[in-house]
Amino acid sequence: MTTIEYLSQVKELDSQIDIDTRELARWREMSTRVSRGSLEPNYNATRNTEAPFIKCVDNIIVLEKRITSDIERLSSLKGEILTLIHSIDDPDYRSVLELRYLDYMSWEEIAGKMKYGKRWVYSKHKSAIEAFETAMKTVHDNSQ
């Protein structure tokens, strides 16, 4: 995995949490609209006698567990990345990395926020990635 792929995991995981949260809302909405099953005894062995809302509840439980797990992973990943970013000495490098990979800003937005041109941002980003890679290697070497 490249450094940029590593950093981009935050946005991807955050997007997946958003998707799953919307899906969870749909299942919750659907669970309130599903008709209840018949209370009459049913002797047809091939017919599903389970109440329809049970499937909704099962899907809700699965999604809630997945979202909780993903939020924990996202929090941990952001913590790791922030620790590495904050270990970089150059404040411009830190700002470019935080704005790009933790605030999900476009190159244009970063340039505007930092009051520089896009070329400057690209140049700083390249150097910031190299500094981040160095920080990662230092942490990795110290942990062995």
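This is a predicted model: local features need pLDDT of at least 70, side-chain atom pairs count only at pLDDT 80 or more; totals for chains, interfaces and linings use all residues.
Residues are numbered from 1 along each chain as its sequence is written, and side-chain values use heavy atoms, with hydrogens and water left out.

His-125 is placed in helix α5, where helices (H or I, at least four residues) and strands (E, at least two) are DSSP runs numbered from the N terminus. Not counting residues up to four places away in sequence, His-125 touches Ile-4, Val-96, Tyr-101 and Trp-107, contact being taken as heavy atoms within 4.5 Å.

## Overall fold and confidence

The protein has 5 helices and 0 strands, and from the N terminus on its elements run α-α-α-α-α. Of its 144 residues, 28% are buried, and among contacts between residues at least 6 apart in sequence, 66% join residues at least 24 apart.

The mean pLDDT, the predictor's confidence in each residue on a scale from 0 to 100, is 90 for the protein, and 88% of the residues reach 70 or more. Among the elements, α3 has the highest mean pLDDT (98) and α5 the lowest (92).

## Helix α2 and its cover

Helix α2, residues 53-86, has 34 residues and reaches 48 Å from its first C-alpha to its last, close to the 50 Å expected at 1.5 Å a residue; the expected span is 1.5 Å times one less than the number of residues. The buried residues of α2 are Cys-56, Ile-60, Leu-63, Ile-67, Asp-70, Leu-74, Leu-77, Ile-81, Leu-84 and Ile-85. An α-helix has 3.6 residues a turn, so residues three or four places apart point the same way. What covers the buried residues of α2 includes α1 (3-33), α3 (91-101) and α5 (118-143).

From helix α1 comes Val-10, which is buried with a relative accessible area of 0%. Beyond its neighbours up to four places away in sequence, Val-10 touches Leu-74, Leu-77, Lys-78, Ile-81, Tyr-101, Leu-102 and Tyr-104. The C-alpha atoms of Val-10 and Ser-76, which are 66 residues apart along the chain, are separated by 10.0 Å.

## Nonpolar cores

A nonpolar core is a set of buried Ala, Val, Leu, Ile, Met, Phe, Trp, Tyr and Cys residues joined through side-chain atoms within 4.5 Å. Of the 26 residues in the largest such core, Leu-7, Ile-81, Leu-97 and Phe-132 touch the most other members. To this core α1, α2, α3 and α5 each supply at least two residues, and α2 gives the most, with 9 residues.

Leaving aside neighbours within four places in sequence, Ile-81 is in contact with Tyr-6, Leu-7, Val-10, Leu-102 and Phe-132.

## The largest pocket

The largest pocket has a volume of about 150 Å³. It is lined by Ile-4, Leu-7, Ser-8, Lys-11, Glu-12, Arg-100, Tyr-101, Tyr-104, Met-105 and Ser-106. The elements that give two or more residues to this lining are α1 and α3, and the largest share, 5 residues, comes from α1.

On a 1 Å grid over the protein atoms alone, a pocket is an open set of points where a 1.4 Å probe fits, with protein on both sides within 12 Å along at least five of seven lines, and lining residues have an atom within 4 Å of a point. Grid points are joined across faces, edges and corners, and the volume is the space filled by probe spheres set on the points.

Conventions: Buried means under 20% relative accessible area, exposed over 50%, partly exposed in between (1.4 Å probe, protein chains only).
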